[in-house]
Amino acid sequence: MGDRPKRPESTLLYSPNSQMSISLLSSEAESPNYRGFLNLGAIILFVTNFRLIIENIVKYGFLLHIPSWNEVIFLYASWPCLFCTLLLSVPLSVCFAIEHFLGAKLPQVLVTLLQSLNILVTLAVPPGLIKYSDAHFVPAFFLLLYTLVAAMKEYSFYDVMKEVRVSFHSEEYQKYPKELKEVIAKYPNITSFRHFVYFVFTPTLCFQFKYPRTERVRKVWLFKRICEFVLSLSVAALIIQQYIEPLILNTLQLLHTEEINYVLVLERHLKLAVPSLYLWLLLFFNCFQCYTNIMAELTTFGDRTFYLEWWNARTLGEYWRLWNIPVHSWLFRHVYIPIVAKGFNKNFSIFVTFAISAVAHEYIFSSALKIVSCWAFTGMMLQIPMIILGDLFKNQLQKSQLGNVIFWVTFCIVGQPAAILVYWYQVVFNLSLL
């Protein structure tokens with residue numbers, strides 16, 4: 001340790017104001033250590049939420065409903081949805097069969113037509129089954145999610161094989177890297193059903209002839225992820241039943257009166273923002289950290305980059321590029337790049353890409369809720385001007401935290417609670433808000 005400064009022998013020898021300095025919290029000062037404030041913020045957050053927990057239990061009691069075995073088997077399990085999920089293996093197999101047995105024999109137009117019909121059947125059957133089987137929202141949602149994933153995988157496989165055919169017949173593949181060139185040179189015997197099945201179960205939407213692989217399945221690591229998956233899903237169910245559902249029902253009663261108290265509605269909206277934010281973060285963790293890693297571990301899939309630092313996003317465009325890497329990669333590879341390659345400008349390409357994403361979101365929510373709506377589509381499309389503005393002022397936003405604050409407020413404080421209220425209102429009162 002260094003020597004301590006000697007204590008001055010006289011007050012005249014001690015001059016506390018002896019040099020130029022800047023207050024620590026001034027903007028021109030070097031960044032100080034804010035750890036104490038972070039600790040205080042964590043304490044306030046804990047106390048505030050603990051108070052809300054007590055207030056909620058005092059007001060509503062303990063609302064968490066643990067489903068019985070009958071409910072699990074006949075309501076949440078929903079045998080028609082489970083059967084339809086298993087039935088997705090049929091169009092997936094048809095997709096492979098078309099490319100493997102007919103791709104090299106039929107004209108490209110006919111192959112495209114067959115694959116388009118197959119994808120259309122994949123997407124059309126589950127919503128009809130959900131509509132007429134009285135399926136619960138939870139299994140219906142997951143069925144539609146798996147259906148969309150299956151359709152995107154089918155299209156990726158078809159699109160890659162189409163490019164292989166074109167490059168093989170034109171010998172354009174001779175310019176490709178050696179490893180890829182050796183694969184295409186074997187056309188049409190370039191892939192197997194086993195590799196296709198592996199692609200179906202991996203947590204990626206983009207078909208490749210080779211993927212990075214791990215050496216083994218880590219059983220202890222996998223068990224930890226499964227526990228996290230179950231725990232996060234349980235807490236999400238608790239938040240929905242204990243906080244979101246009673247809050248929404250009380251809010252909908254206000255919207256169904258002759259004279260609406262908009263100040264009180266705004267207060268309920270802001271109150272809903274907190275549990276909906278927690279729910280969103282839990283579902284993100286459950287899906288992109290737990291489920292995807294579980295599937296990656298089971299299939300020894302090596303690329304575990306399912307998301308990047310989206311929480312630091314300064315613009316909405318940056319958020320969508322970081323939030324869901326598998327979907328972003330699929331859209332970039334199979335939508336954005338082909339459109340740009342045809343000579344269209346960047347803004348038009350972004351518009352089409354976002355429109356497809358918006359249709360996909362609406363497909364899942366409207367079909368699962370058994371309604372005809374366009375709120376998810378509209379909400380997604382309204383983000384396009386904000387993305388363009390964010391790109392125009394990207395340099396300015398990168399220099400401050402303003403862009404990140406705007407993102408959190410727009411997305412989590414305004415957008416998500418409003419979307420929940422609108423959809424729940426339409427379902428509960430069976431009204432058309434279009």
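Tutor: Start with the contacts. Among those in the protein with a separation of 6 or more, 72% join residues 24 or more positions apart. Keep in mind that this is a predicted model.

Student: What does the secondary structure of the protein come to?

Tutor: The protein has 17 helices and 0 strands. Its C-alpha trace spans about 100 × 60 × 50 Å along the principal axes.

Student: Why does Thr 299 count as buried?

Tutor: Buried means under 20% relative accessible area. Thr 299 has 12% relative accessibility, so Thr 299 counts as buried. Thr 299 sits in the loop between α10 (262-298) and α11 (316-323). Leaving out residues up to four places away in sequence, Thr 299 touches Tyr 198, Phe 201, Thr 202, Pro 203 and Arg 213.

Student: Why is Ile 43 called exposed?

Tutor: The cut-off for exposed is over 50%. Ile 43 has a relative accessible area of 52%, so Ile 43 is exposed. Ile 43 is in helix α1 (residues 35-60). A nonpolar surface patch of about 930 Å² includes Ile 43, Phe 46 and Val 47.

Student: What makes Arg 51 and Glu 55 a salt bridge?

Tutor: The rule asks for a side-chain nitrogen of Lys or Arg within 4 Å of a carboxyl oxygen of Asp or Glu. The closest N and O atoms of Arg 51 and Glu 55 are 2.6 Å apart, so the pair passes the 4 Å limit. Both residues lie in helix α1, 4 residues apart, about one turn of the helix. Arg 51, Glu 55 and Lys 271 are linked in a network of salt bridges.

Student: How do you know that Asp 159 and Lys 162 form a salt bridge, and is Asp 159 buried or exposed?

Tutor: Their closest N and O atoms are 3.6 Å apart, and the limit is 4 Å. Asp 159 has 9% relative accessibility, so Asp 159 counts as buried. Lys 162, with a relative accessible area of 22%, is partly exposed.

Student: What do Lys 210 and Glu 179 tie together?

Tutor: Their side chains meet in a salt bridge (3.5 Å, N to O). Lys 210 lies in the loop between α8 (193-201) and α9 (219-255) and Glu 179 in helix α7 (residues 178-184), so the pair ties together parts 31 residues apart in sequence.

Student: How many residues does helix α13 have, and how far does α13 reach?

Tutor: Helix α13 (residues 346-369) has 24 residues and reaches 35 Å from its first C-alpha to its last, close to the 34 Å expected.

Notes
Residues numbered from 1 in each chain as written. Predicted model: local features only at pLDDT ≥ 70, side-chain atom pairs only at ≥ 80, totals over all residues. Heavy atoms only, no water. Patch = residues over 30% accessible without salt bridge, like charges linked within 9 Å, V, L, I, M, F, W, Y side chains within 5 Å. Areas by Shrake-Rupley, 256 points an atom, 1.4 Å probe, with all protein chains shown as cover. Helix = DSSP H or I, 4+ residues; strand = E, 2+ residues; numbered from the N terminus. Buried < 20%, exposed > 50% of the residue type's maximum accessible area, 1.4 Å probe, protein only. Expected span 1.5 Å × (residues − 1). Contact = heavy atoms within 4.5 Å.
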